[in-house]
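The sequence and the structure come first.

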Amino acid sequence: MLDELLMAAAATGTAAVAYVGAAARVVKQYERGVVFRFGRLRGQVRTPGFTMIVPAVDRLHKVNMQIVTMPVPAQEGITRDNVTVRVDAVVYFKVVDAAEALVRVEDYKFAVSQMAQTSLRSIIGKSDLDDLLSNREKLNQGLELMIDSPAIGWGVQIDRVEIKDVSLPETMKRSMARQAEADRERRARLINADAELQASKKLAEAAHQMAEAPSALQLRLLQTVMAVAAEKNSTLVLPIPVELLRFLERATPESAQAPAQSAAPPAPPVTAAPPPEPLAPIEDLTGPSVDPAPRDRAA
């Protein structure tokens, strides 16, 4: 009798261990467990830790709650200003409701991927090339809103969307390079002209200051001579006062005009030539005289 009780106890213990082994489940910290009993959603979502289900009756599906990084394949489209571009992006999303992610959509990852590709092509067609290159923050926000609107009903939340790269045709790259080079050259010329204007203003102020004090010009000339002499070369610099040059410039036209007027001889008076005399008739030695203009006389 005792042996039978021991065998029954052992069998019961073995069955209990087998049942616990079949029913025991462990849900990790970054996961949530969704239980289906005979195909119907059972109770609440199982939290992380140890949990039990009914073997052969319940099915436990574990859903990852971590942020998923999904690259969006490059999409080729035409912008609003008729430029063909190729844009790729990346989507960061996570599951906020495990039961909705399993019940509402068959494969939430595939659904988010397709929605991201469609939204990216739509954004390309609505944007200009300059916005794709320089105003990406605004496009990222618009793309995130377009993807998040349907995904919120699937128990999925879009955390962030980023446009990774924008590929342009080679001809467009060369055109943009020429445009940037021309813009740089224009700014360099403007800066150079502004510098020349400022320098001319300072030089004009210095000229007015030296005009009030003529000795300042002599001191400036002496400083120039000292600067040249410090080079220890064989160049000889002789500064000439500016006033002397101006005096010679005023005196040169008058002195050159006077000798020219005295050295030039008087031109002889011009007289009109006398009119030519009429031709005399030519006499023939053997016959009568012949008139050279018979036609005029006949007329």
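Nine helices and eight strands form the secondary structure of the protein, which is shown here as a predicted model. Of its 299 residues, 20% are buried. Among contacts with a separation of 6 or more, 63% join residues 24 or more positions apart. The accessible surface amounts to about 22500 Å², and carbon and sulfur atoms account for 58% of this area.

The largest nonpolar core contains 36 residues, and those touching the most other members are Val85, Val91, Phe93, Tyr108, Val156 and Ile158. Several helices and strands give two or more residues to this core, among them strands S2 (31-37) and S6 (68-78) and helices H4 (129-134) and H5 (136-151). Helix H3 provides the largest share, seven residues. Leaving aside residues up to four places away in sequence, Ile158 touches Val91, Tyr92, Phe93, Val112, Glu144, Ile147, Asp148 and Ala151.

Helices H6 and H7 pack with their axes 4 Å apart, at an angle of about 115°. H6 is therefore roughly perpendicular to H7. The residues that make this contact are listed below by helix.

| Helix | Residues in the contact |
|---|---|
| H6 | Met210, Ala211 and Glu212 |
| H7 | Pro214, Ala216, Leu217 and Arg220 |

By class, five residues in the contact of H6 with H7 are nonpolar and two are charged, while none is polar.

Notes:
Residues numbered from 1 in each chain as written. Predicted model: local features only at pLDDT ≥ 70, side-chain atom pairs only at ≥ 80, totals over all residues. Heavy atoms only, no water. Buried < 20%, exposed > 50% of the residue type's maximum accessible area, 1.4 Å probe, protein only. Contact = heavy atoms within 4.5 Å. Areas by Shrake-Rupley, 256 points an atom, 1.4 Å probe, with all protein chains shown as cover. Axes fitted to C-alpha atoms, helices over the stretch in contact; angles between N-to-C directions. Parallel < 35°, antiparallel > 145°, perpendicular 65-115°, else oblique. Nonpolar A, V, L, I, M, F, W, Y, C, P; charged D, E, K, R; others polar. Core = buried A, V, L, I, M, F, W, Y, C linked by side-chain atoms within 4.5 Å.
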